[in-house]
Amino acid sequence: MPPDAVALPAAAAPRAGWALPRDAGWWALLLPAFLLMSVIYVAPILQVLAISVTEPTTGLGNYERLFTSIGVQRVIGTTLRICAVTTVIALLLGYALAYVVALASPRAQRWWLLGVLLPLWISVLVRAFAWVTLLRRQGLVNQGLQGLGLIDEPLALVWNEFGIVVGMVHYMVPYAVLPMLAAMREIDPRLLAAARGLGASRLMAFARVFLPLSAPGLVAAGVLVFIFSLGFYITPAILGGGKTLMAAEWIKLQILDLVRWGMGAMLATVVVVAILTTLAVFSRVVNLRRLFGGGH
Amino acid sequence: MNGGYPAGPLARSIAWATVLYLLLPITIVIPVSVTDQRYLSLPEHGISFRHYANLLGSESWLASIQQSFWIALGSTLIAVTAGTLCAIGCWRIGRRSTELVRALMLLPLIIPAIVYAIGLYRWFGTLDLLDRFLGVTLAHGVTGIPYVVITVSTALAAFDPRLEQAARGMGASLGQTLRWVILPRIAPGIASGAIFAFIHSWDELVLVLFIASRNVFTLPRKIWDGINENLDPSMAAVAVLLIVFTVALLALDGALRARRQ
Amino acid sequence: MSAPVAHALELRGLSKRYGSFIAVDAVSLRVDRGQFLTLLGPSGSGKTTILMAIAGFVAPSEGAVLLDGADITGLSPERRDFGMVFQGYALFPHMTVAENVAFPLRVRGLSRADRDARVRGALDLVQLAAFAGRRPSQLSGGQQQRVALARALVFDPALLLLDEPLSALDKKLRAELQDELKALHRRVGRTFVNVTHDQEEALSLSDQVAILNHGRLVQMGAPEALYERPRTRFVADFLGKSNFLQGTVREVGATGMALQAGATRLVQAGAAHPAPGRPALLSLRPEKIGLLAGAETAENEVAGTIASWAYLGAGYSLSVRTADLGEIRVALPAWRAPIAPREGLPVRLGWAADAAVPVLEDADAA
């Protein structure tokens, strides 16, 4: 060091007496997010849970309706049916897509991924609107089919369960692809080549080697798509046209139109509990942080 | 994986069909938006931009766009500040307890918007935040936090923790370490998070259906009313503009990622 | 107490436990101002944990760290006055060399002019002035190491901590930088604490070496003292190579003892010995053994045959099989080899009474 250098001030003067815990500063960084999340997010949701057992009267009266009200049961049935169908179709399409992407060259992978991620980020409203344009009675699909002379009367393609499933699968396929692709990327493609080299057919190699190795990704994708579908609002509302009611729209109806807070809060609670239970059951297979790209 | 083992023809055809199913229906709004008709249809005699002109000449549409933009900007600011600090804190402390904090931050991705929306409707009623710019901005900001936490955590996973030790060891305070060492290194991750948080707010509808009515009328809300009331080609024009905007933001994100590598 | 404290750094009963695992076990040591101390040990010996506790990155479970007599155990790293060269250097990749070196000065709020002058001085010191504008990724490993040194020294800290500073470099460069590091230490005259698992580096660089094993301080001293007078089998084995001769004490005299190993009788000089009838362990360095030619004699003589041998350029390494003492390794300078070695050749080994050192078994030393 330059011998004539002046004495440097210490970075921070040692302070005697009390000292904060070593990590206090780092914990303080969590504070803004934690406070915001508690006051603006968790508190209102806890209030929903509370309303479900306090309005109109204290008790489990609202939950009793799960067993007594045909209307409530029908909504739950419709929701579960549509969610199950959506999940199965989204998984089938997504699996084939993820399989092809995983085996593609890195360059081709980028293009495939673009095709999967682009729709993911385009407004769900825009997508639902596009489907309405295509599928309604005077829509482009019916016009086209009529123009070709294939049908005489326009088909009912939207404002029913069919329309909802078409729109929901469209929304969910990217969410199905991502976790499956993550799992498939871990599989060494040489294993498939080795299986073929050992005499397995293409189908055997797939069924005995690739499918079992990609199963965790398949389960994770299924869980993700199912829980996203359970509380989905916009697409079912637009493509269902108010005729087919799923849970989210029914909740909205109870609260905004009928002002039956207790019932709306009850079904909302049921949906949340169903989602958290599904996650808990599959928590071993579904690494949430990895699912959402949280890294390592 | 690499291209050593090609996928079979069945898988390839399903994959192609799926991608077309994902992309084509969205592109239908482009020809519809330039139709010369007054109703939703493909152009018949030629293309016309009058629906774009209608849109951009409409004060109510422009007002909604403006409002959405400011709300998205404000909520992005909230999400980025809170999310980045939280991700850094969790990363540095790295105990099991921070796993819980991180799980808490991911809740808005898991719990359906409708549940949060009805809760917020009541909650903001008591706080007098209904139908106010601040209320919507706060709600969008909080629900944007997970996107930032995820992208910043990913960026931090690639950050050498010894750099932070080195900075502290040389006498840097926590603030100086953040400003001069950590933040510059994870800036691309923060930018990605900001872009996603912005898109989230810009597209968000369910919350505004409940906590906003007349004073705050965002673009998605206006589109929602348009779809439910008058399906006319100007809706297609809005849709095209939204798609262009989203694609531009994603391209920006892609460019930032490319620069990082 | 008003007596000035001469120790730059002192550890008092330092311990660190992670759950039931004891990483550092009651280590106490003192370093005088301006000394070069090396913490040497195999991986998992606790040496890095001790360094991190000195730096403040690890909070000790028990014990204290004193700098110039002041207890700094509770201070956070940024309030302790030390420079540190990290393993892998931890240079900020988004800053230039000059910005890296200026970092500790910027943190201390120095003016731009002061900063520039000091950075120039520090870069001159490590002969990197010409690279001030480069990014760390544009430098070689050795250059990066010198930037890390400049950055650690630029703010004139009382203490410089080095965490395996040479481990990332190849062998030739390592030897070069060892010399440079030693010269640098003399020039700046600060207290250096170095961590390494490389015994050669420890011997050549240090004024003092502290040998650690399983979290314990086994022995500390000047390199020559440690090499010549290891206290335990572990120290003798870890520092250089050693033969271990096991025997039973027969007689004890004023200037030495006699040992019996099978039919072989050994004489060993020195004052402190186990009582007669007790087992004893001697450490005998390979280079202290000679091959006896013809009528040559030595205080200790053992006959054997060459089991294997290797030519090492400067000399031979022989492994000689003996009846009572097992295989004995001998390092023979080429110019002193009376014969050309070959397998199965009968030889006589000889060494002086003061060539070997009695050492403790590690379990007994604990």
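This report describes the chains, interfaces and core of a predicted model.

## Chains A and B

Chain A contains 13 helices and zero strands, and its order along the sequence reads α-α-α-α-α-α-α-α-α-α-α-α-α. Of the 296 residues in chain A, 44% are buried. Among contacts in chain A with a separation of 6 or more, 74% join residues 24 or more positions apart.

Chain B has twelve helices and zero strands, in the sequence pattern α-α-α-α-α-α-α-α-α-α-α-α. Its C-alpha trace spans about 75 × 60 × 30 Å along the principal axes. Buried residues account for 53% of the 261 residues in chain B. For chain B, residues 24 or more positions apart supply 76% of the contacts with a separation of 6 or more.

## Annotated spans

Several spans of chains B and C carry annotations in UniProt. An unreviewed entry assigns "domain: ABC transmembrane type-1" to residues 65-253 of chain B. For chain B, UniProt also lists, under "transmembrane region" in an unreviewed entry, residues 14-34, 69-91, 103-124, 136-159, 180-199 and 235-256. For chain C, the UniProt annotation "domain: ABC transporter", again from an unreviewed entry, covers residues 9-239.

The table gives the computed secondary structure and end-to-end C-alpha distance for four of these spans.

| Span | Helix | Strand | Distance between end C-alpha atoms |
|---|---|---|---|
| Residues 65-253 of chain B | 85% helix | 0% strand | 22 Å |
| Residues 180-199 of chain B | 100% helix | 0% strand | 29 Å |
| Residues 235-256 of chain B | 100% helix | 0% strand | 32 Å |
| Residues 9-239 of chain C | 36% helix | 27% strand | 25 Å |

## Domains of chain B

The domain assignment divides chain B into domain 1 (8-48) and domain 2 (60-260). The C-alpha centres of domain 1 and domain 2 of chain B are 30 Å apart. Eight residues from domain 1 of chain B and eight residues from domain 2 of chain B form the contact. On the side of domain 1 of chain B that touches domain 2 of chain B, helix 2 (residues 29-33) of chain B gives the most, with four residues. That side of domain 1 of chain B consists of six nonpolar, two polar and no charged residues.

## The interface between chains A and B

In the interface between these two chains, 79 residues of chain B contact 79 residues of chain A. Helix 1 (residues 9-27) of chain B contributes the most to the side of chain B that touches chain A, namely eleven residues. By residue class, the side of chain B that touches chain A comprises 61 nonpolar, 14 polar and four charged residues.

Helix 1 of chain A shows how elements of both chains take part in covering buried residues. This helix (residues 24-54) of chain A bends by about 40° at S38(A). Its buried residues are L29(A), L30(A), A33(A), L36(A), M37(A), I40(A), Y41(A), P44(A), I45(A), V48(A), I51(A) and S52(A). From chain A, the cover over the buried residues of helix 1 includes helix 2 (61-68) and helix 12 (261-281). From chain B, that cover includes helix 4 (59-93), helix 5 (96-110), helix 6 (113-127) and helix 7 (133-157).

## The largest nonpolar core

The largest nonpolar core has 282 residues, of which C86(B), A117(B), I118(B), I211(B), A239(B) and V193(C) touch the most other members. Helix 3 (residues 70-103) of chain A supplies the largest share of this core, 16 residues.

One of the residues that touch the most other members is V193(C). Leaving aside residues up to four places away in sequence, V193(C) touches L9(C), V31(C), L37(C), L39(C), L51(C), I54(C), L159(C), L161(C) and L162(C).

## An exposed tryptophan in chain A

W111(A) is part of helix 4 (residues 106-121) of chain A. W111(A) counts as exposed because it has 11 C-beta neighbours inside 10 Å, and the cut-off for an exposed residue is 12 or fewer. Between W111(A) and V169(A) the separation is 58 residues in sequence and 21 Å in space, from C-alpha to C-alpha.

Notes. Residues numbered from 1 in each chain as written. Chains lettered and ligands numbered in written order. Predicted model: local features only at pLDDT ≥ 70, side-chain atom pairs only at ≥ 80, totals over all residues. Core = buried A, V, L, I, M, F, W, Y, C linked by C-beta atoms within 7 Å. Buried ≥ 20, exposed ≤ 12 C-beta atoms within 10 Å, placed from the backbone. Helix = DSSP H or I, 4+ residues; strand = E, 2+ residues; numbered from the N terminus. Contact = placed C-beta atoms within 7 Å. UniProt positions renumbered as here; feature names shortened; annotations may be inferred. Nonpolar A, V, L, I, M, F, W, Y, C, P; charged D, E, K, R; others polar. Bend = angle between axes of the 7 residues up to and from the residue. Domains from an automatic or database assignment.
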